[in-house]
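Thanks for making the time this morning.

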Amino acid sequence: MRIFVDADACPVKKIILHESSKYGIEVFLVHSTCHYSRKIEYENAYHIMVDNESQAADMAIMNKAQKGDIVVTGDFGLAALVLGKGVHAISFNGKVYKNDNIESMLLERHLSATIRRSGGRVKGPAKRNKADDIYFHKNLNILINRIMQDIWIRYRINIIFVKYT
C-alpha cells in the first residue's frame, strides 16, 4: 500500500505524512512545478514533480497508483478514475469516495459547471476548519486500518492454502 497525494492544493499534507510514518507507508506528493516545496520532509515521503499543464498531476497519479493504494484528492474525476483501478480514494475533507457515491458527485459537479457557464452562481465549499482536519484524520486511519486488515486476511489465506497443498 502506498499513498498518492494530489498535493498542489492539499491542506492535509502534514496529517498524511504523520499518519503514514506511523504505519511505514510510502507517500508520493504529486505536484506541478509551480507548487513545489521542500518545506515538508519525511523519511517516507517522495516528491513527484509534473509539468504545469492542466491535469498533469492527475494523470501522473492515475498512471502510478495500483490496486490497494490510497489517493488523496479533491478532484471527483480523478477519484472516479482510480476507483475503477481498485485504488481507494479519500477527499481532503475526509469523505471516502466509493463506487456507490461517485456518480452522484460527478453529476453534481456537472450540473454546477452548467449553471456557472450559463452565468449563474453556485455556492462554493465552506471555509476549512479544525473539524475538517479531525474528520480527515479519523477517516484516513479507518481506511488505512481496513486496507491493512484486508492485506493480513489475504496473507493468512495464502499461508493456509500453501500449508494444505
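Before any volume is quoted, let me say what I mean by a pocket: on a 1 Å grid over the protein atoms alone, a pocket is an open set of points with protein on both sides within 12 Å along at least five of seven lines. Please keep in mind throughout that this is a predicted model.

With that definition in hand, the largest pocket holds about 600 Å³ of space. Its lining is made up of 22 residues, and those closest to the centre of the pocket are Gly-74, Phe-76, Asn-93, Gly-124 and Pro-125. By class, the lining residues divide into 8 nonpolar, 6 polar and 8 charged, and the element that gives the most to this lining is helix 4, residues 99–117, which supplies 5 residues.

Let me move on to Asn-139, which has its place in helix 5, residues 130–163. Is this residue buried or exposed? Asn-139 has a relative accessible area of 10% and is therefore buried, since the cut-off for that label is under 20%. Leaving out residues up to four places away in sequence, Asn-139 touches Ile-90, Gly-94 and Val-96.

The second residue is Ala-7, found in the loop between strand 1 (2–6) and helix 1 (13–23). Ala-7 also counts as buried, because its relative accessibility is 3%. Setting aside neighbours within four places in sequence, Ala-7 is in contact with Lys-13, Leu-29, Val-30 and His-31. As for Val-72, which lies 65 residues from Ala-7 along the chain, the C-alpha atoms of the two are separated by 8.4 Å.

Key: Residues numbered from 1 in each chain as written. Predicted model: local features only at pLDDT ≥ 70, side-chain atom pairs only at ≥ 80, totals over all residues. Heavy atoms only, no water. 1 Å grid on protein atoms, 1.4 Å probe; cavity = no way out; pocket = protein on both sides within 12 Å on 5 of 7 lines; lining within 4 Å. Points joined across faces, edges and corners; volume = space filled by probe spheres on them. Helix = DSSP H or I, 4+ residues; strand = E, 2+ residues; numbered from the N terminus. Nonpolar A, V, L, I, M, F, W, Y, C, P; charged D, E, K, R; others polar. Buried < 20%, exposed > 50% of the residue type's maximum accessible area, 1.4 Å probe, protein only. Contact = heavy atoms within 4.5 Å.
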